[in-house]
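Visitor: I've never looked at this one before. Could you walk me through it?

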Amino acid sequence: MFFGKDELSLVAFVAKTHGVTGNLVLTIHNNIPNNIINEKSAVFLFKQGIPIPFFVESVKVMGINNVIKFKHIDSIEKANFFVGCDVYVLSHILKSGNTDNLSCRFCGFSVFDKQYGFIGKISSFEIIPGNPVFETDFEGKSIIIPYTESIILKIDNIKKEIYIDAPL
C-alpha cells in the first residue's frame with residue numbers, strides 16, 4: 001500500500017450508482033460528519049486494495065448518503081466499477097475537523113510546459129502523501145500533474161507561474 005494506516009481514514013462506502021452520468025451514492029459512516037466530502041476534497045476509492053484518488057465535482061447531501069460526482073467518472077459503466085468500494089480521506093482532514101480540505105496554495109497559477117507553452121491555470125492542488133498533484137485544464141481536458149522535482153522546473157511566486165517539463 002502507498003499510504004501508512006495513519007494517513008487515510010475510512011469515511012464511507014459506495015452504495016450504488018445514481019442516474020446515468022456517473023454519479024455515485026456514498027453512505028457516510030455514523031461517526032463521520034456528512035460534510036467531510038466536498039468540492040475541495042481529495043477522496044480515495046479502494047479497488048483491489050489500491051487507493052485510487054479522485055477530485056470531487058459536486059456533492060448533494062441526502063441524510064446519511066451523499067450523491068457524489070467525481071471528475072473522470074462520466075458514465076454509469078465507469079460508476080458501476082466502483083460500487084461497493086470503501087471511501088477514504090486523508091486522516092489529518094478528519095482529525096482536524098477541517099472539511100474544507102487543503103488550501104490551494106497554487107490555485108490560479110499559470111502553468112507553462114517546456115514543449116507546449118501555456119497549458120492553463122491551476123484549479124486545484126492536492127497534497128496526497130507520496131504524490132502531491134495539481135490539476136489544470138488544457139484545451140478543455142483536465143490534466144493532473146505530479147508536483148515533483150523531476151517535472152517542476154521553476155516556480156515564480158511573484159508572477160504566479162509554474163514552469164514544467166512534462167513527460168511525453
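This is a predicted model: local features need pLDDT of at least 70, side-chain atom pairs count only at pLDDT 80 or more; totals for chains, interfaces and linings use all residues.

Visitor: Why do the rings of Phe112 and Tyr163 count as a stacked pair?
Guide: The structure holds six aromatic pairs. For this one, the ring centres of Phe112 and Tyr163 lie 5.4 Å apart, and the cut-off for pairing is 6.5 Å. Planes under 30 degrees apart count as stacked. The planes of Phe112 and Tyr163 are at 20 degrees, so the pair is stacked.

Visitor: How many residues apart in sequence are the parts that Phe112 and Tyr163 tie together?
Guide: Phe112 is partly exposed, with a relative accessible area of 22%, and Tyr163 is partly exposed too, at 26%. Phe112 belongs to strand S7 (residues 110-113), while Tyr163 belongs to strand S12 (residues 161-164). The pair therefore links parts of the chain whose separation in sequence is 51 residues.

Visitor: Which residue lies over the face of Phe81?
Guide: Phe81 is part of one aromatic cluster, together with Phe54, Phe70 and Phe82. Over the face of the Phe81 ring, at 4.4 Å from its centre, sits Lys47.

Visitor: Is Glu135 buried or exposed?
Guide: Glu135 takes part in one of the two salt bridges in the structure, where its side chain meets that of Lys71 at 3.2 Å, N to O. Glu135 lies in strand S9 (residues 133-138) and Lys71 in the loop between strand S5 (65-70) and H1, so this pair ties together parts 64 residues apart in sequence. Buried means under 20% relative accessible area. At 1% relative accessibility, Glu135 is buried.

Visitor: What is the distance between the closest N and O atoms of Lys78 and Asp74?
Guide: Lys78 is partly exposed, with a relative accessible area of 39%, and Asp74 counts as partly exposed as well, at 49%. Lys78 and Asp74 form a salt bridge, and their closest N and O atoms are apart by 3.0 Å.

Technical notes: Residues are numbered from 1 along each chain as its sequence is written. Side-chain values use heavy atoms; hydrogens and water are left out. Rings of Phe, Tyr and Trp (its six-membered ring) pair if their centres lie within 6.5 Å; planes under 30 degrees apart count as stacked, over 60 as edge-to-face and the rest as tilted. Helices (H or I, at least four residues) and strands (E, at least two) are DSSP runs, numbered from the N terminus. Buried means under 20% relative accessible area, exposed over 50%, partly exposed in between (1.4 Å probe, protein chains only). A charge sits over a ring if NZ of Lys or CZ of Arg is within 6 Å of the ring centre and within 35 degrees of the ring normal. A salt bridge is a side-chain nitrogen of Lys or Arg within 4 Å of a carboxyl oxygen of Asp or Glu.
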